[in-house]
Amino acid sequence: MAAPPPFPAPPPPQPSGGIFGPLPVVAPHFCAPYVVQLNVQEQFGLREGDFLITDTNGAVVITVKGAFISIHNRRVLFDAYGNPLLCMKEKVISMHNRWEVYRGDSTKSSDLLFTVKKSSIIQPFKTEMYIYLASNTSHEVCDFKMNGSFNERACSFYLGNTNTLIAQMHRQHTATSVVLGTDHYSLTVFPNVDYVFISALVVILQELHTDKND
């Protein structure tokens, strides 16, 4: 059973480029017809890559679990009931920091949903990532794009290689994050956009930042 969509929040500014229809990547029921406001918090512990994603009322929507020891950088995203939604795996040999995301906890090629990679190898200050759906095998034009800053921990998500904004993220400073040295983000997902898909992109962006500072 999938987690119910979070409660609606006050709408953000209208996305540039006009209103668009549902954009399901993981599943259509993750595309709410209203703005979805989420809090993404990195979890402190022995295992790297753990995150807790909650709605505005503090209810758990998604959890992300990493591995204690793994040759491959692997993260699994679960719904509130513990059902695996996505498996995110970093390609070990990749000049563009490539991540592949699969349905459930699978890593079979038939379950591939989308691929994420840097638009260029060297990005000293800003990060630009291109997202290609599994059906887009040529990778000539991206299906989605995200631009962000490692230092500012802020990111915007766009439809294709356009200026049509579909989600935004920025870092929040809380007492817990300051004491434990963890990251806490506020995520705004616009109407008709797959909030599980966007949540996975936030986790990947954080992993890229962690890799850059290792």
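Analyst: Buried means under 20%, exposed over 50% and partly exposed in between, with a 1.4 Å probe and protein chains only. This is a predicted model, where local features need pLDDT of at least 70, side-chain atom pairs count only at pLDDT 80 or more, and totals for chains, interfaces and linings use all residues. Numbering runs from 1 along each chain as its sequence is written, and side-chain values use heavy atoms, leaving out hydrogens and water.

User: And cysteine 142, buried or exposed?

Analyst: Cysteine 142 is buried, because its relative accessibility is 7%.

User: What's the mean pLDDT of the protein chain?

Analyst: The mean is 82, with 73% of residues at 70 or more; pLDDT is the predictor's confidence per residue, from 0 to 100. Residues 177–181 fall below 50, and that stretch has five contacts beyond near neighbours in sequence, a contact being heavy atoms within 4.5 Å.

User: Switching topic: what does asparagine 136 touch?

Analyst: Leaving out residues up to four places away in sequence, asparagine 136 touches Val141 and Asp143. Its side chain also makes a 3.1 Å polar contact with the side chain of aspartate 143.

User: Is asparagine 136 buried or exposed?

Analyst: Buried, at 12% relative accessible area.

Notes:
A polar contact is a pair of N or O atoms within 3.5 Å; within protein, one must be able to donate a hydrogen and the other to accept it, and residues adjacent in sequence count only if both atoms are side-chain atoms.
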